[in-house]
Amino acid sequence: MNLIALILMMVLAHIAFTGGRVALTLLAIDLQATPFQVGLIISLLAVIPMLFSVHAGRWTDRAGAARPTLIAMLMLCAGSVMAALLPSLAMLCGASVLLGSGFMIAHLAINNAVGRSSTPQTRTHAFSMLALGFSVSTVLGPVISGLLIDAVGHRMAFLLLAVFPVVGLLVLYRSGRHEEPAAQPEAGRSKPRVMDLLGHAPLRAVFVASGLLSMAWDLFTFMVPIQGARIGLSASTIGLIMGTFGVGTFVVRLAIPRLMQMVSRWGVLVGALGLTSTIYLLFPLFTSVPVLMLLAFILGLGLGSALPTIMSLIHDTAPAGRTGEAVGVRSTLINTSQTILPTAFGALGAVVGTIPVFWTLAAVLAWGAAFARRKQPAKDSN
């Protein structure tokens with residue numbers, strides 16, 4: 001499958017997922033769900049990926065991209081249709097599981113296919129293009145979902161969101177019919193273990209950097225609204241600040257190919273960790289909206305540069321035939337972060353306030369920058 005087809009399928013799957021996440025929340029509220037029930041429904045998007053991403057990654061190593069992507073699109077479609085046809089809280093829980101699991105499989109399969117179809121020289125560029133598509137769908141999914149709900153209601157919105165994975169199936173049919181079979185494991189090779197990947201020093205360093213940057217992303221999406229409310233900002237102003245962050249991620253991903261000509265991939269990670277640490281040190285000290293927007297934009301530049309770099313490094317450092325499994329380990333770390341950290345950040349903020357939360361993570365990220373600098377290979381090719 002060519003890169004354009006892979007990016008298009010990722011965008012379509014991600015629109016169905018992000019749009020479905022918004023629609024799940026709003027339909028649950030419309031059904032008189034309590035805040036706890038809404039939280040439970042949304043948490044189910046990440047719980048299954050947290051538990052099974054590694055196994056799904058191994059599957060994509062064995063099966064290639066076409067079959068897992070086919071199943072992923074069917075799951076995304078089924079989740080949306082279930083919520084439309086059977087709008088109850090129990091069915092929304094089932095829809096959440098299908099949407100989260102379907103997107104997990106699509107994400108792993110497509111990322112693995114991008115890595116396999118590129119060379120070490122083109123891999124960072126390929127992943128930066130995939131990340132650009134991801135940025136676009138991050139914006140489009142919630143916007144499309146909100147417009148559909150206002151125009152035609154919750155149930156019809158879910159049905160129309162199901163169209164996106166159906167289009168993804170058509171793209172897969174046209175581009176994935178002649179996929180080359182995945183490399184088969186060598187005869188007699190021992191059963192793969194996650195600890196083998198975690199014990200692989202270069203890959204472990206990538207996982208550490210990836211986990212820290214994921215924590216930084218989660219802190220922004222969770223704590224910035226809390227901090228904004230604390231200093232008296234309106235909901236629309238908080239949304240504007242968070243939207244500026246998204247603009248930063250998009251801009252830097254446009255510039256990744258040129259950036260790679262000037263800075264090594266590990267240099268980008270060191271810079272992203274250091275820049276993010278500095279922004280989190282400064283962010284709670286200001287109440288001026290233009291300053292907060294500027295800081296959010298700069299934070300978006302730092303965090304947005306990390307994803308294509310990390311994915312490229314995972315594919316270059318993972319043992320042969322285990323790239324999907326390695327991406328699955330990263331996905332497990334991210335979903336664990338998304339499941340646990342909001343509660344932890346919220347509890348800490350309730351006890352000590354928001355400023356110590358920002359500064360604690362700033363210190364951790366500063367350590368991460370020093371760690372990544374020590375782990376940077378002497379010759380890190382682009």
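In the predicted model described here, the side chains of E325 and R58 meet in a salt bridge with an N to O distance of 2.9 Å, where a salt bridge is a side-chain nitrogen of Lys or Arg within 4 Å of a carboxyl oxygen of Asp or Glu. E325 lies in helix α14 (residues 323-352) and R58 in helix α2 (residues 35-63), so this pair ties together parts of the chain that are 267 residues apart in sequence; the helices named here (H or I, at least four residues), like strands (E, at least two), are DSSP runs numbered from the N terminus. Both E325 and R58 are buried, a word that stands for under 20% relative accessible area, while exposed stands for over 50% and partly exposed for values in between (1.4 Å probe, protein chains only). Residues are numbered from 1 along each chain as its sequence is written, and side-chain values use heavy atoms, with hydrogens and water left out. As the model is predicted, local features need pLDDT of at least 70 and side-chain atom pairs count only at pLDDT 80 or more, whereas totals for chains, interfaces and linings use all residues.

By this rule the count comes to 2 salt bridges. The side chains of D61 and R116 also meet in a salt bridge, with an N to O distance of 3.8 Å. Because D61 lies in helix α2 and R116 in helix α4 (residues 89-117), this pair ties together parts that are 55 residues apart in sequence. D61 counts as buried at 6% relative accessibility, whereas R116, at 38% relative accessibility, counts as partly exposed.

A pair of aromatic rings is described by the distance of the centres and the angle of the planes. Rings of Phe, Tyr and Trp (its six-membered ring) pair if their centres lie within 6.5 Å, and planes under 30 degrees apart count as stacked, over 60 as edge-to-face and the rest as tilted. The structure holds 7 aromatic pairs, among them the stacked pair of F220 and F245, with 4.3 Å centre to centre and 25 degrees between the planes. This pair links distant parts of the chain, with F220 in helix α9 (residues 201-230) and F245 in helix α10 (residues 235-262), 25 residues apart. F220 is buried, with a relative accessible area of 1%, and F245 counts as buried at 5% relative accessibility. Y280 and F358 form a tilted pair, with 5.8 Å centre to centre and 45 degrees between the planes. Since Y280 lies in helix α11 (residues 265-282) and F358 in helix α15 (residues 354-375), the pair ties together parts that are 78 residues apart in sequence. Y280 and F358 are both buried.

Contact means heavy atoms within 4.5 Å, and S277 touches A362, L365 and A366 when residues up to four places away in sequence are not counted. Helix α10, for its part, is the place of I256, and I256 counts as buried at 0% relative accessibility. Although I256 and T124 are 132 residues apart in sequence, their C-alpha atoms are 8.1 Å apart in space. With residues up to four places away in sequence again left out, I256 touches T124, S128, S305 and P308.

The axes of helix α12 (residues 289-304) and helix α13 (residues 306-317) come within 5 Å and cross at roughly 10 degrees; such axes are lines fitted to C-alpha atoms, for helices over the stretch in contact, and angles run from 0 to 180 degrees between N-to-C directions. That angle makes α12 roughly parallel to α13, given that angles under 35 degrees count as roughly parallel, over 145 as roughly antiparallel, 65 to 115 as roughly perpendicular and the rest as oblique. In this contact, G302, L303 and G304 of α12 meet A306, L307 and P308 of α13.

Two loop residues complete the description. Q32 is found in the loop between α1 (3-30) and α2 and is exposed, with a relative accessible area of 67%. Phi of Q32 is near 70 degrees, a positive value in a residue other than glycine. Most residues other than glycine have a negative phi. G153 lies in the loop between α5 (123-152) and α6 (154-161) and counts as partly exposed at 24% relative accessibility.
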